[in-house]
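Subject: Handing over a structure for you to look at

Dear colleague,

I am passing on the structure below, together with some notes on what was found in it. Please open it beside this email, so that the residues can be followed as they are named.

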Amino acid sequence: MRNDSVQISTSDAAWSSPAEVIFIKEKFFAMLKTDLTLRNPLRCLGGSSEEILAPGQFGGILARAGVGKTALMVQIALNAMLNERNVLHVSLNQPVNKAGLWYQDIFNHIAAGLGGSQSGQVWESLLPHRFIMTFRTDSFSVPRLEERLGDLIEQRIFVPRMLIVDGLSFDEPVREMLSELKKIARLHGLHVWFSIRTHRHEDPGPGGVPKQLADVDDLFAVALQLMPVGEEIHVVPLKGVTLTPEHSRLVLDPTTMLVKNTAS
Amino acid sequence: MKKNIRNVRNLGISAHIDSGKTTLTERILFYTKRIHAMHDVKGKDGVGAFMDSMELERERGITIASAATFCEWKGHEINIIDTPGHVDFTIEVERSLRVLDGAILVLCAVGGVQSQSITVDQQMRRYKVPCIAFVNKCDRSGANPFRVVDQLKQKLGHQAVAMQLPIGLESDFSGVVDLLEMKAVYFDGEKGETIRVEEIPEGLQELAASKRVELLDAASMFSDELMEALLEEREVGRELVLAALRTAVLTRSLTPVFMGSAYKNKGIQLLLDAVNDLLPCPSEVENTALDMDRDEAPVALSADPAAPLVALAFKLEDRTYGQLTYLRVYQGALGKGDTIVNVRTGRKIKVGRLVRMHADQMEEIDAIPAGYIGALFGVDCASGDTFVAPGLSLTMTSMYVPRPVISLAIHPKDHKAEINMSKALNRFTKEDPTFKTHVNPETNETIISGMGELHLEVYIERMHREYGAEVAAGAPRVAYRETITQRAEFDYLHKKQTGGSGQYGRVCGWMEPTAEADFEFDNQVVGGSIPTQFIAACEKGFRDCMAKGPKMEFPITGVKVVINDGASHAVDSSDMAFQAAARGAFQQGYFKAKPVIQEPVMKVVVETPTAFQGPVMGSLNQRRGMIVGAQDEGALCVIECQVPLAEMFGYSTVLRSLTQGQAQFTMEFLAYKQVPHSIAEELEKKAAENKKKVA
């Protein structure tokens, strides 16, 4: 397992050369990583996020407004950042600060569960792995994103491995836009996650797939839906993944917005 | 001086750089007949704005020191503080907000909510200052006041609601629709002094009706009476809506937005009406002081002029006739000939001349009652001092003062310059708590420290202009710090028992990083292994080490020292011996605690046309900047970044050439962060070279 190998390698280094002691920060970092990997919703779905989405593939998180799409995507992003993978977070209609607050909030919840006073340092070490880009909905276009992405990659300012697109409306026709994005994702080897807003008043299409996804279903490798059931929010896989028996009841904790498994 | 406190407004005008605060103030003074001619900030007549009384302010077109003035509008007395917009002068903004009851947040119709507006808004929130917003520059190309209203909601979290609609925009901007009266208002005459009220132009009627509904909806949340009237579809009167809005503004629950163009003389009179109608009078604002006799328990102050005096000195100025102290009276009244006490020093002072300031002109008065702002001559005090009536022991909460982050060495050209320089420094440090000065004992250089390059530059320029002190400035230096990163134990014995009186002291314990304070000391010694009378000496020994780190001689911060054991000698132990032992223990533990160097990191926000986004990001990246995000705002793009201050010197020139002068940036202190190893090594090398030179 990934986190085991990391622990072994750091402790190996410590044994082989006394000069390379494990600093508290690294130790905490490894602990945090373990914890986050354990909490990683995708691990419960059968692997780490990279294994679920191959480079160039799309994943979608579907839910009604205010249920927790962004929170779940931020957990996926934080997981990548902890594995030292760069995440480009594209937010439509939300200022940079607000998008940044999601990360801070979710991270604080995870770090609070672990305890320890070094969380500030770990947070600082994660920040260089994140780049938030915000667009106004009316001015967002794939060529524009491509231009910005080009600026970042050519100058080696930031080379993303994961792309999070939050706030794109799937109520309008988006096939053309997504197809263009797919080309970019393939070109740069990006794992792309989208938030897809569904509506309470609309009935799902055949196979329980919401209308917003139905038209572009073929472009997505993975789809997860957040379903409020009573006071709980269930994570229901729609496509591309299955829940393992020991993680058959995945829910999003409404107070912390962290994914937890209530089956066991 | 009139005494009806309900008709008094203490008003601040805050905004981003170049949003037109000073121009707006100039117009307000003109319409309230305090001045008889208007001049522009960088006008062709070369006179400069009235409020920019400092020669340097007029030349540069920026406001440096906040100027205080007062005026009258429709039976209300308005005290105005025009505050600087540049982030380096934040202390001036903070100070004025401390003493104000309400504010106008000026926003540019083109630039919208910019980085400095966010800082100013945070400051207002900290001091709970109710505000109304004014979207200025509606005549400029690219103006879009409704986008600004949206930004107020999104970026600042204000419940913003438009009170007006613009009639035409950019070059066609001709007036506003008043959504309360549902009338179009035009500003005629050469200086917009004649107000013409007409019916709303046909094309705007529908929009005006829908915006009025929005306005009434928002206001109705704060008045049951208004809510009922709306539900019953009754006609609602102006007074009813204003009362609801006022309630909301006072609790900072709603921000009414007004529109206009100060430069084109449009919309100012309506804004002044709003100041009277919506912003609080001094008695509506709750002010508290701390009772020094009761362990700093908060005490609510009453704006009653008959109560014992409590006043705060918030600004000092050195005039030809002596020090001028700006005061805000919170309780009681300050009269000529009264005896008052400076709480900090305990000194009694007899009040001499009292004046009311109008930029650099003054008017003699007999008393300053509660709620008013005035000035006092010939009193020696520091900024932030509280004055009270004899017998009281109250102090106003101290103002938040940020620490300086940049310093530079200055050398006077000759002896005369040296004398004048010291006079100037003495005055500036009293006036501005963020400006500090000291003499480096090793190099004998005078070092000045402040909040940014411009901050120090302005003071050097003022030394030259106001005191004739010719000084040469060295390269700016960053205020580095040292701190430790892990726990380390120490066990140090200081022993000198050969000849003369002996010295003996042993100190054991540990040190660890702390984020709580710069220095913490915890005594866990039990059983008297270190006698109680020497504990204070141990603390002093450790504390002395904090001033200069053993690693690079930078000040140390964030260290907690715990002592838990030690030893003493019946004859040879002394305060001195334990101080020396503590110093030795600190040196011993410090290097084991993995010390690192920290540098000030600034939050840099660049606003650039989208076309230059790539080069700008590249330039920030080259400066060890970590780009947090890029926000697309249509034609403009806002890049938020964290950059070490050491890399930001001269950035304005670089940015100007990169973007053909079309981008601007603001910078403010964010946090101290660890410097990368390569830079730390360079610093160590430099420090070693300097040491050699001094030797």
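This is a predicted model: local features need pLDDT of at least 70, side-chain atom pairs count only at pLDDT 80 or more; totals for chains, interfaces and linings use all residues.

Chain A in outline

Chain A contains 10 helices and 9 strands, and of its 264 residues 38% are buried. If one takes the contacts in chain A between residues at least 6 apart in sequence, 72% of them join residues at least 24 apart.

Where the two chains meet

The contact between the chains involves 17 residues of chain B and 18 residues of chain A. On the side of chain B that touches chain A, helix 5 (145–156), helix 14 (613–622) and strand 36 (626–633) of chain B each supply at least two residues, and the largest share, 7 residues, comes from strand 36 of chain B. Sorted by class, this side of chain B has 5 nonpolar, 9 polar and 3 charged residues.

Helices of chain B

Helix 1 (residues 21–31) of chain B is largely enclosed by the rest of the structure, because 11 of its 11 residues are buried. The buried residues of helix 1 of chain B include B:Leu24, B:Ile28, B:Leu29 and B:Phe30, but also B:Lys21, B:Glu26 and B:Arg27. Helix 1 of chain B is followed by B:Lys33, which has a positive phi, near 65°.

The crossing of helix 6 of chain B and helix 8 of chain B is left-handed. The contact is made by B:Leu216, B:Ala219 and B:Ser220 from helix 6 of chain B, and by B:Val241, B:Ala244, B:Leu245 and B:Ala248 from helix 8 of chain B; by class, the residues of this contact are 6 nonpolar, 1 polar and no charged.

Helix 8 of chain B also packs against helix 7 (residues 224–231) of chain B, at an angle of about 135° and with the axes 9 Å apart, which makes helix 7 of chain B oblique to helix 8 of chain B. This crossing of helix 7 and helix 8 of chain B is left-handed. Here B:Glu225, B:Leu226 and B:Ala229 of helix 7 of chain B meet B:Leu240, B:Val241 and B:Ala244 of helix 8 of chain B, and the residues of the contact divide into 5 nonpolar, no polar and 1 charged.

Strands of chain B

An open sheet in chain B is formed by 3 strands in the order 13-12-24, with antiparallel pairing. Its edge strands are strand 13 (297–301) and strand 24 (394–396) of chain B, each of which pairs on one side only. Strand 12 (residues 287–291) of chain B is joined to strand 13 of chain B by 5 bridges, and B:Asp291 stands opposite B:Ala297 in strand 13 of chain B.

Strand 15 (residues 322–331) of chain B is mostly covered, with 8 of its 10 residues buried. Strand 15 of chain B pairs with strand 22 (residues 373–377) of chain B in the antiparallel sense over 5 bridges, and B:Tyr326 stands opposite B:Ala375 in strand 22 of chain B.

Two loop residues

A:Arg156, although not a glycine, has a positive phi of about 55°; A:Arg156 lies in the loop between helix 8 (142–154) and strand 4 (162–166) of chain A. With 9 other C-beta atoms within 10 Å, A:Arg156 is exposed.

In chain B, phi of B:Met182 is likewise positive, near 55°, and B:Met182 lies in the loop between strand 8 (175–178) and strand 9 (183–188) of chain B. B:Met182 is partly exposed, with 14 other C-beta atoms within 10 Å.

With kind regards

How values were computed. Residues are numbered from 1 along each chain as its sequence is written. Chains are lettered from A and ligands numbered from 1 in the order in which they are written. Helices (H or I, at least four residues) and strands (E, at least two) are DSSP runs, numbered from the N terminus. A residue is buried if 20 or more other C-beta atoms lie within 10 Å of its own, exposed if 12 or fewer, and partly exposed in between; C-beta atoms are placed from the backbone. Two residues are in contact if their C-beta atoms, placed from the backbone, lie within 7 Å. A crossing is left-handed if the near helix is turned anticlockwise from the far one by less than a right angle, and right-handed if clockwise. Ala, Val, Leu, Ile, Met, Phe, Trp, Tyr, Cys and Pro count as nonpolar, Asp, Glu, Lys and Arg as charged, and the others, Gly among them, as polar. Two strands pair if DSSP finds at least two bridges between them. Axes are lines fitted to C-alpha atoms, for helices over the stretch in contact, and angles run from 0 to 180 degrees between N-to-C directions. Angles under 35 degrees count as roughly parallel, over 145 as roughly antiparallel, 65 to 115 as roughly perpendicular and the rest as oblique.
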